[in-house]
Amino acid sequence: MSERRPRLLDPHFVSKLTRLDLTARLVVEGFLTGLHRSPYHGFSVEFAEHRQYMPGDPLRHLDWRVLAKSDRKYIKQYEEETNLRAMLLVDTSASMGYGSRGVTKLDYARQLAAALAYLMLRQNDAVGMFAFATGRAELIPPRSTLGHARPLLLLLERLTPGGATDFASSLHSLAERMTRRGLVVLISDLLDDPDRIAQAIHHFRHRKHEVLVFHVLDPQEVAFDFEREAVYVDLETGERVTTRPQELRPDYRARVSAWRDQLRQFCIEKRAEYVPLTTDQPYDRALLEYLSKRARLL
Amino acid sequence: MPIFSFLNSGFLAALPLASIPVIIHLLSRRRLPEVQFPTTQFLRQLEPREIRRLRLREILLLILRTLAIILLVLAFARPSITPRNGVTTSAAAMAVIIDDSESMAGLDEQAKPRMEGAIERARALVLAARPGDEMTLISATRPVGAATEHTSDRVRLGRSLANTQVTMLPADMAGALLMARRTLERSRLKDRELYIISDLQRSNFDAKARAELGPIAAAKVRVYLVPVVQSRVPNHALVDLDPVLRPGPMGRGLELRARVANYADAPSDRIAIRVRHGDALVGGGDVTLRADESRWTAMPLDWRGTGSDSSQSSGAVLIEADQDALAPDDRWFAVLGAPGRLRVLRVTEPREGAASPRFASLALDPGKDGRSGFVVDEVSPAGLLGLTKSRYDVVLIEDVASLSTEGEARVRAFLRDGGGLVVALGPHSDPGYYGSRLFPGVIDLGLDGPEQAAAGGSYELRARLPGHDVLNGLNVGVGAPLTESRLTGVMKARTLTTRPEVVVQTTGGLPLVATSPGVAVFLSSLSDDWGDLPYSGAFVPLVRGLVSYAAQADAQGPGSTRVGEAPAARLASPPGAAVIVRGPESYSSQASVRAEGTAYRAEADAPAIQPGFYDFESGGRSIATVAVNVSPVESDLAVIDSDSLRAASGSGSSTLGSANALASHLRDTRRGKELWMTFLLLAAAALAGELLLGSARTLRA
C-alpha cells in the first residue's frame, strides 16, 4: 500500500519542502487525486458547471431542460456552500518538538494543520487557528476567504516548541471566546493531565462545538525501542529517569496503551472524534477523518 | 597420568578475542547517555536492588560470552587428552590374531563376508602403526606356520594381510594366544597390545583357549577384542554321515543317513538335502529342525540311470543342503561302502527248559533273510566263544544271569576290536555280576537290583534325550512317552559318572536306556516278562536303535577325516609303488604306508586344507579315495559373551565392537582422545545460556 501512496502524503517527503503554502496545497491535491469519489466536488446548492452524462450517474442530477432543448444529456454540478466554522488548535509545547525519525511532532502537526486549512478554504469553510502552550497563545479568528490562508500559514511557520502543555487555561479561554458553534480540530500529543484534557473537551462540547482530536505521537513514544540503559530527560519538566528499556519495555508499552485507551474512552463519552496518529503515518488518514466528520456535520 | 595437549595450537593465538566482551562491557559502563524524551510519566526509575540484580546478570552474561569465545577458540585448537591406555609417547608391540577359520567364510548381520570386515580392521591397525611400533599378524588356524615376523615394516605387513584368506580349518585359538604371548614377551617394548579380530565363536574359546588369557594379562598385555559380528547368525550344517548304506523301509531300496544340525535360537525352515553321484542326482530328502537340534535324517537313494548296481552301490557322493550363512558346512563329501548289514549275535539263556522268546530277533530280522539290514545269530552264553569282530558287529546279551570268565573276556576283546555291545537286563539278570564285573571299564553304571512297580502301577518310557541315535525313528520330544505300553519291572540303576547318557527314563526318573560309546544298556526286559513292550509300535525302532547305536563304535568310515588332518586310507594289499595323494586346489602329498593288522594304512604327509575327495595313487593307478570334510566346530556361529573373555584377560582389556570403535580407539590411543566436540558443545551451551539469561525478564512490571 505504502508503495502506491502519493509521495506528497508522506511526512518525511513533505518535511523536506520548505514552503508551507506550497506543501499544503500539494498535500491536499495529492490527497484528492487519490480519492475515488471526491467529497469535495459534491452536489450542493450553488450551480458550478455542466458535464456530459455518463452511464451510472444518478438521473436526479440530469438537466432535463437541456435534454428537452438539445436532446443532449448533461449532468448539473454544484459547488458546495456551507457555513462550517472550523478552529484548528495546534499544541506547541516543548514535548511537540520531539522527533526520533527526522520529523518532529510539531512539524507533523504544522503540516497537518496547513493541509486541513487549505482543504477547508477550498471548500469555502471558515478556518481559524489557535496555537497554544503554557504562557503563550496565538489566535487567528476563522474566515472563509482563500486569502485567509496566508496569515494561517505564516503563523504555522512561526511556531516553535516550548513550554508545557496547558489545556486548562488556554483552551478554556478559547472555548469562552468561540461564540458560534463549529468544528474544533485539536492537534496535540495530549501530554497533560487527562482530567484537564477531558474538561477542556467537555467545555467545547458544552458550547455545542464538534471536536476532532488528532493525537500525534512519535513512533518511538509508542514502541520505546531504545536498546541501552540511559538517563531519560523529560522535555517539558526536565525530570530525569534512569532506566533500562530492554527490561521495562513491555511495562512502558502497556502504560502507553492504557493511556491512549483512556483518552479514546473519554472522547467517546464526550462524543468527540479521537484519531491516534504517529508521525510516520501519511496525512491522508487525518484528512479522511476530517472529511468524514464534515460529511456528518453537514 | 593423562596428558593434555593441542593438535592445532596455532589457534590459541586467537584467545585474546575473549577480551572483546570485557572491553565492550567496560566501555558501555563508563557513562550513561542522556536521552531527551517527550515525557517520563510512563517510565519507571530502577530501584537500587533491581540495579544490583541487573549488574549481577550483566556479569554473568559477560562470563558466559567470554567463556563461549574461549571454548570456541580451544575447540578449534583441537584439544586432546592421552587416555590411560594411550601409547602416544612410546612405541608399542602389537600382536594381531586374525581369525581365518572356516566360519569367517560366513556372512555377518549385514550379509557382508566376515573376512572382509576382519581384513578391513587389521588393515586399520597396520595403517595406524607408527615408526617404531612392532606388529605380528597371527593366523588363528595356523598360529605357528602362518604368523608374520615381528616387524615394523608396514609394507610387508600390508602385503601379508593382502594374502590372508579364509581357510577351511577350525580355529586354534589357544595356539594363537600362546603364539601371541610368546611374541610379545620377547619384545623389548613395554607397551604391549593384543588384538583378537574374530567372529568370537563360542566354540573357538574352549577352556584351553581361555586359560591362555590369564598369562597374557599377567604379562601386562592389553587385550582388545575386535568382533566382526555382534550376534548369533542362524546356520544349519551337515555334521556327520553314516557311510554304510542301509536297506530302505520294508527292506526295499537303499537309504543314506546324514546328521543335520540347526545352530539357531529358532526352528529352522525346511532344509532340502540332495545327494549327487557325479553329476547325477541320486537321492535326497528334507528336514525341519528345532532350535539347537541335530538329527539323523534318512534319504532314499535311487541309483537307476547312474550305471551302478543298486545292490552293490558304492562310490563318491556329494551331499548338499540348502545354502545359508555359512556355505562350506552345507556340503558333505562321502565315499560310500557297499550296502551293509549289521551282524548281530544274540545271547540268551533257555528258561525252564524252553528257548527264550525271540521278540528282539524278530524286531531285528523279521524275515530271517537280512533284508532289514540286520542278520541275527542266536546262541547261549557258551556260544560267546565264537564272538569275533570279523564275524559280528554287535553282541546283544539279553537277560542272561551272568557270563563265564571266558565269555566275559571274549566280550571285552570284541569291544576293544570295535564291536558294539547291547545289554538288556531282565528279571533273570544278576545285577551283582553286571554291576561289579562286566560294566566296570565298559559303562559307568551302578545297579541296585530289580524293582517291581507297586500293585496296579507301571513304568512309562519317557524320552530324556530326543534326537539321540538310539531314538532315531521315534519322533518324540523331551519327556514325551515313547509308547503307550507299560513296564511292570525295571533294573534299578544309577550313573556313576557324568559319561553315560541316560536316553530314556521312567516317569519316576529311573534310567531305562543308558549309553556309552559303543555300548547301550536297556534296564528292563526285551521280552514280555516285565510288561507288554514287545507288542508296542515303539519296540522295533527301539531295538534297532539300540543295536545301530552300538554298531557305530566301528562306524568311523573314510568320510570322517576333517580338514586339517592328513588324509588316510585303508588298503587291502601293499601298494606296488610310492603312494601320492592328490586333492582339490592342486593338493599333492607323499603318503607313508604301514601295516595295520591284516591290512595296510596309507597316510598323507601333508594335512588336507580343503574339503573334497583325495585320491591315493600308486604307479599311476588310483588305489583308494577318501573324503575330507570341514569340522562341525565352526558351524555353530554363536558368539561368546565378550564380558567373560574380558574378565579372563584382565582389567586392561576392552571390546572394540565396530570398525568405527576401532578407528576411534586407534585415534585416541595413538594421538590422544580429541575433545574438540566437547569444547564445541560447551561453547554452544554457554551461548545458549547467554541467550536464555539475556532474554529472561528479571524485573517486575
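Helices (DSSP runs of H or I, at least four residues) and strands (runs of E, at least two) are numbered from the N terminus. The expected span of a helix is 1.5 Å times one less than its number of residues. This is a predicted model, in which local features need pLDDT of at least 70 and side-chain atom pairs count only at pLDDT 80 or more, while totals for chains, interfaces and linings use all residues. Residues are numbered from 1 along each chain as its sequence is written, and chains are lettered from A and ligands numbered from 1 in the order in which they are written.

Helix H12 of chain B (residues 659-671) comes out close to that rule: its 13 residues reach 18 Å from first C-alpha to last, against an expected 18 Å. Its buried residues (20 or more other C-beta atoms within 10 Å of their own, with 12 or fewer counting as exposed, anything in between as partly exposed, and C-beta atoms placed from the backbone) are B:Leu662, B:His665 and B:Thr669. They sit on the same side of H12(B) because they cover an arc of only 60° around the axis, taken from the directions from the helix axis to the C-beta atoms. An α-helix has 3.6 residues a turn, so residues three or four places apart point the same way. The cover over these buried residues includes helix H3 (114-128) and strand E7 (221-227) of chain B.

Chain A holds ten helices and ten strands, and 41% of its 298 residues are buried. As for contacts (C-beta atoms, placed from the backbone, within 7 Å), 75% of those in chain A between residues at least 6 apart in sequence join residues at least 24 apart.

Where the two chains meet, 28 residues of chain A and 19 of chain B take part. On the chain A side, strand E8 (230-234), strand E9 (240-243) and helix H9 (245-269) each supply at least two residues, and H9(A) gives the largest share, seven residues. E8(A) also runs parallel to strand E2 of chain B (residues 34-37), joined by four bridges; two strands pair if DSSP finds at least two bridges between them. In E2(B), B:Phe37 is the bridge partner of A:Asp234.

For chain B, the mean pLDDT (confidence in each residue, from 0 to 100) is 86, and 93% of residues reach 70 or more.

Conventions
pLDDT = per-residue confidence, 0-100.
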